[in-house]
Amino acid sequence: MLKNTILFSVLALSLTGCVGLNTVSMTQVPAQRDNVITTKSSSWNFIGINFSNAFVDEAIDKLKGQCPTGKIEGVYTKHQTTGYVLMFKREVIVSAYCNEV
């Protein structure tokens, strides 16, 4: 019984996570807000050691791909980190408005 309790406790702890909001940023919101575009990108790292921030560039490229001929305005970005046991997920979530020029 004690062995099962310990096993269950370890399993329960390994499945939990904690989310921390690192930064939020917003540019001026335009008057024309018809076409909302959103994207997100993430990377995983071990015990908080980051080797690359390329996932941020990936989010920017995805946003530009959704508005190839327009002007991107009213950009709202969130950078959050979700911590699991020994692993961390860094995520950038971006939403904006694509207005025709």
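Cysteine 67 has a relative accessibility of 5%, so this residue counts as buried, the limit being under 20%. Cysteine 98 is buried as well, because its relative accessible area is 7%. Cysteine 18, in contrast, is exposed: its relative accessible area is 55%, and the limit for that class is over 50%.

The model is a predicted one, and a search of the whole structure turns up one disulfide. The bond runs between cysteine 67 and cysteine 98, with an S to S distance of 1.9 Å. The torsion about this S-S bond is about 75°, and therefore the disulfide is right-handed. Cysteine 67 sits in the loop between helix H2 (54-66) and strand E3 (70-83), while cysteine 98 belongs to strand E4 (residues 87-100). The two cysteines are 31 residues apart, and the pair links distant parts of the chain.

H2 contains 13 residues and spans 19 Å from its first C-alpha to its last, close to the expected 18 Å. Which residues of H2 are buried? They are Phe55, Ala59 and Leu63. These residues cover an arc of only 90° around the axis, which means that they lie on the same side of H2. The face turned away from the buried side carries the exposed residues Asp61, Lys64 and Gly65. Among the elements that cover the buried residues of H2 are E2, E3 and E4.

Strand E1 (residues 18-26) and E3 are antiparallel and share eight bridges. In this pairing, methionine 26 has tyrosine 76 in E3 as its bridge partner. E3 also pairs with E4 in the antiparallel sense, over twelve bridges. Here histidine 79 stands opposite valine 92 in E4. E3 and E4 form a hairpin with three residues between them. Leucine 86, in the turn, has a positive phi of about 70°.

The protein chain has an average pLDDT of 89, and 97% of the residues score at least 70. Where is confidence lowest, and where is it highest? The lowest mean, 75, belongs to helix H1 (residues 2-15), and the highest, 95, to strand E2 (residues 36-46). Where pLDDT is low, the predicted coordinates should not be read in detail.

Note on methods: Residues are numbered from 1 along each chain as its sequence is written. This is a predicted model: local features need pLDDT of at least 70, side-chain atom pairs count only at pLDDT 80 or more; totals for chains, interfaces and linings use all residues. Side-chain values use heavy atoms; hydrogens and water are left out. pLDDT is the predictor's confidence in each residue, from 0 to 100. Helices (H or I, at least four residues) and strands (E, at least two) are DSSP runs, numbered from the N terminus. A disulfide is a pair of cysteine sulfur atoms within 2.5 Å. Buried means under 20% relative accessible area, exposed over 50%, partly exposed in between (1.4 Å probe, protein chains only). The expected span of a helix is 1.5 Å times one less than its number of residues. The arc is that of the directions from the helix axis to the C-beta atoms. Contact means heavy atoms within 4.5 Å. Two strands pair if DSSP finds at least two bridges between them.
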